[in-house]
Amino acid sequence: MIRTGQEEYTVYKGSFDTIAQLTGIDTPTFSKWQKEVEDAAVKGYRALAVAKGEKDQPPQLVGIATLFDPPREDAASLVAKLKKMGISMKLLSGDALPIATEIAQKTGIGSRLIKASALKDQASLAGQLEQCNGIAEVYPEDKYKIVKALQAKGHIVGMTGDGVNDAPALKQAEVGIAVHNAVDVAKSSASIILTRDGLQGILSPVKLGRVTFERFTIWLLNILSRTLLKVYFIVLALILSDTYVVSTTVLLLLLLITDFVFISTTNEEVHISAKPDEWDSRKLTLVGAVQGILMSVEALGLLAIGWHSFNLGSHPGQLYTFSYVILLSFSLMVVFVVREKRHFWSSALGRLDTFLIAGNLLIGFVVSITGLVELKPILW
């Protein structure tokens with residue numbers, strides 16, 4: 001309600017369809033204004049219809065106000081980076097289809113958008129979503145259904161939002177992301193809260209997650225391969241020679257000085273994958289087992305050389321030392337193998353790891369030529 005001097009009238013604003021229905025404009029006038037709205041939408045402008053209603057008079061359509069809310073300048077670059085990392089994106093917008101399509105094209109998401117009203121039953125919903133780049137004219141409750149449908153198809157879903165109505169979808173998604181200016185309800189429902197304007201902050205948790213995955217994979221392969229090396233080496237050597245080739249001191253020394261290397265690998269620079277990682281415990285176990293077996297075969301070959309060429313079988317103390325040097329070398333060198341999916345020389349080892357490995361090898365060399373407890377000296 002607006003008063004200007006003696007004049008009093010009511011102003012209405014809203015979507016063109018709603019205001020057109022309120023004012024009851026005739027079909028030719030409706031078609032004329034509808035074309036104006038559609039032309040503006042194609043250019044990315046939102047149309048707001050305005051009507052004026054005087055006292056005891058039905059409201060009359062006054063005109064159309066066009067609003068332009070362009071995407072952030074960094075939106076296109078963010079979309080490109082996320083796509084390069086193997087992440088598929090869908091635009092969910094409450095805007096009309098032409099406006100949503102224009103925004104999706106400008107940001108690089110794509111041009112294949114459909115209306116929310118075209119979505120079918122829950123069973124076929126995920127299939128429709130996989131074929132399009134986004135959905136226009138979405139209601140808040142649609143977002144929750146969309147997240148559920150994608151999850152039912154086996155997708156890992158990330159969802160961004162800022163309002164109260166976004167809270168259910170943020171809660172349901174594996175990764176709910178509340179933007180910087182989101183309301184408290186949305187933030188409490190999300191698993192990640194951005195602390196700066198824009199969505200560039202999404203890149204950091206994606207990269208951190210993949211770095212963590214790579215480091216854990218490296219750590220696990222280290223543990224598996226070197227544990228299997230010790231077990232296979234000791235047991236097979238016992239079976240073949242009827243002799244214990246290692247002592248308690250050997251195992252304690254290996255645990256004491258090599259664990260610092262494996263702890264340091266948690267800070268090692270790693271190469272993250274170009275697509276989302278998928279945990280495959282069977283594959284990792286197989287890789288670790290194969291590495292452990294291969295190292296054991298090599299270690300037993302070296303032991304055979306020491307046994308026959310240097311007559312270590314007759315000198316248990318020297319045999320312990322020789323086995324200690326073998327196990328130490330293999331336990332340290334496996335770091336170079338498991339940290340790279342390519343050739344081990346494709347990237348340089350970090351300074352801390354290089355220092356620790358060199359230090360451990362030096363300790364092993366000193367122990368081997370000076371002896372320690374039951375470990376007797378051997379020739380360098």
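Which residue is the bridge partner of A178 in β10? In β10, A178 has I193 as its bridge partner. Let's look at the parts around that pair, and then at some helices and loops.

## Before we start

This is a predicted model, where local features need pLDDT of at least 70 and side-chain atom pairs count only at pLDDT 80 or more, while totals for chains, interfaces and linings use all residues. Residues are numbered from 1 along each chain as its sequence is written, and side-chain values use heavy atoms, with hydrogens and water left out.

A word on labels: helices (H or I, at least four residues) and strands (E, at least two) are DSSP runs, numbered from the N terminus.

## The β8-β9-β10 sheet

Here 3 strands make an open sheet, in the order β8-β9-β10, with parallel pairing. (Two strands pair if DSSP finds at least two bridges between them.) β8 (158-161) and β10 (192-193) are at the edges with a single partner strand each, so one side of each has no neighbour in the sheet.

β9 (residues 175-178) pairs with β10 over 2 bridges, and with β8 over 4 bridges. I177 is a handy landmark in β9: T160 stands opposite I177, and I177 stands opposite I192 in β10.

How do the strands connect? β8, helix α7 (residues 167-172) and β9 form a right-handed β-α-β unit, and β9, helix α8 (residues 184-189) and β10 form a right-handed one too. Right-handed means that, with the strands pointing away from you, the path from the first strand over the helix to the second runs clockwise.

Another open sheet has 3 strands in the order β5-β7-β6, paired in parallel. β5 and β6 are its edge strands, each with a single partner, so one side of each is left without a neighbour in the sheet. β6 and β7 run parallel and are joined by 3 bridges; in β7, G134 is the bridge partner of L113. Helix α4 packs on this sheet, touching β5, β6 and β7, and its direction makes about 160° with that of β6. (Contact means heavy atoms within 4.5 Å.)

In α4 (residues 97-107), the buried residues are I99, A100, T101, E102, I103, A104 and T107. Buried means under 20% relative accessible area, exposed means over 50%, and partly exposed is in between (1.4 Å probe, protein chains only). Those buried residues pack against α2 (27-42), β3 (45-54), α3 (75-84), β5 (91-92), β6 (113-115) and β7 (134-136).

## Two helices side by side

Helix α12 (residues 316-338) packs with helix α13 (residues 351-370) at an angle of about 175°, their axes 10 Å apart. Axes are lines fitted to C-alpha atoms, for helices over the stretch in contact, and angles run from 0 to 180 degrees between N-to-C directions. α12 and α13 are therefore roughly antiparallel to each other, the word for angles over 145 degrees.

By class, their contact has 10 nonpolar, 4 polar and no charged residues. Ala, Val, Leu, Ile, Met, Phe, Trp, Tyr, Cys and Pro count as nonpolar, Asp, Glu, Lys and Arg as charged, and the others, Gly among them, as polar.

## Two loop residues with positive phi

E137 is not a glycine, yet its phi is positive, near 55°. E137 sits in the loop between β7 and α6 (140-152) and is partly exposed, with a relative accessible area of 28%.

N311 also has a positive phi near 55°. N311 lies in the loop between α11 (281-309) and α12, and is partly exposed at 40% relative accessible area.

Key. Parallel < 35°, antiparallel > 145°, perpendicular 65-115°, else oblique.
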